[in-house]
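Subject: Structure handover

Hello,

Please find the structure below, followed by notes on what was found in it.

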Amino acid sequence: MNAYATPSDEEAIGLYLHVPFCERKCPYCSFYSEPLAEHEPAPLISAMIAEMDRYRSVRSFHTVYLGGGSPTCLPVQELARLLDAIRSHCPSPAEFTVECNPGQTNAEALAMLRRHGVNRVSFGAQSLDTDELEQLGRRHSPEEAIAAVRLARKEGFDNVGIDLIFAIPGSDLAGWRRNLELATSLDIQHISAYSLTYEPGTALDQARRAGRVEPVDEDTDRAMYELAIDYLASAGFQQYEISNFARAGFACLHNQGYWHNRPYIGIGPGAGSYFQGRRALNAPDIRRYVEKIRTGEEAWEQSEPIGRDERVCETAVLNLRRRQGVNLAAFRQATGADFLEVFDNPVRRHEDQGWIERTPDAVRLTRKALAVADSILCDFSAL
Ligand code: SF4
């Protein structure tokens, strides 16, 4: 059941844990991660458990999300140690997700996740096409991703999601449709679909700059996104956020917390937090992070208070990402501000253009605005 009522901040805190290891770096990825082979994982897991212990005062976490990186590349005893510690902090979260790499998932691992109270798994499938996976530098095959999903269902997970990427170099609309057909033929409840981005500093972006990779053109990219919305709707997946689609009752509770702008605590190197009115970012370096925890220092390297205006803007931008948009009463309750008063100018302007629509209770992006959402949302990012 999708139980996202409107709990108080205290009840609704999310817990995110970042396992910063991968087998090797994917060329498009800008998340903080390092090759597992270059590190001893035990000290890092101990440090993450110690960091979690610092939040004993938080009575309960509404949701838990174990991501990375690739949590499933951890040696099984280290993963179990981390899961045990999470369980002792959060005996019964409404949702407990673990990101799984399809090439690293077997029946034993899935059974262990179940035993530790994990009730949702999200597979980084990225594509169900062999050539596209090769373009992305992924090591798993489409068959492994499909087998991993089936295994998860067999092991008793009734909330299974996959991530897909579109606009992969060399791909076309017909290929993307095949991906969507195959994905929706699986017994899954959630699909995240993102356009490939060329993040500065990644190997993929360097290849693009050097002319070794040709990005999919903008029109095709947009057509792929529109196809995802239509195709997934026809297959019973409701779009509930710009890039996220779920069967009824299976929208991700943890990520909804972010879009509601509710507090969360991030554990591990490179993890971000929004807690007690501050945003903080942990040291994005395994050695520095472990040392900070060992010497009793704060784990973060950046921490800043979020003022009232910032909170108003952040809440607006995050809320507008949801298909439900900004609930005017909830916005006022969360920020103390009247959305229509504060954002009178951009709302009117974008309404005239057909990018924004209103109901008596809410303001949201129109369907045609979704593909260009970022350019609209930036008008809500400052007062
Ligand atoms: S995409 Fe996933 S598996 Fe690849 S490097 Fe990034 S976090 Fe690791």
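Among the residues around the ligand are Cys22, Lys25, Phe31, Ser70 and Asn101; a residue is near the ligand if its C-beta atom, placed from the backbone, lies within 6 Å of it.

This is a predicted model: local features need pLDDT of at least 70, side-chain atom pairs count only at pLDDT 80 or more, and totals for chains, interfaces and linings use all residues. Residues are numbered from 1 along each chain as its sequence is written.

Strand 1 (residues 14-19) is largely enclosed by the rest of the structure, because 6 of its 6 residues are buried (20 or more other C-beta atoms within 10 Å of the residue's own, C-beta atoms being placed from the backbone). Strands are DSSP runs of E, at least two residues, and helices runs of H or I, at least four, numbered from the N terminus. Gly14, Tyr16 and His18 point one way from strand 1, and Leu15, Leu17 and Val19 the other.

Strand 1 pairs (at least two DSSP bridges) in the parallel sense with strand 11 (residues 264-267) over 4 bridges, where Leu17 stands opposite Ile267. Another 6 bridges join strand 1 to strand 4 (residues 63-68), also parallel, and His18 stands opposite Gly67 there.

Asn319, in helix 11 (residues 308-321), is buried, with 24 other C-beta atoms within 10 Å.

Regards

Note on methods
A residue is buried if 20 or more other C-beta atoms lie within 10 Å of its own, exposed if 12 or fewer, and partly exposed in between; C-beta atoms are placed from the backbone.
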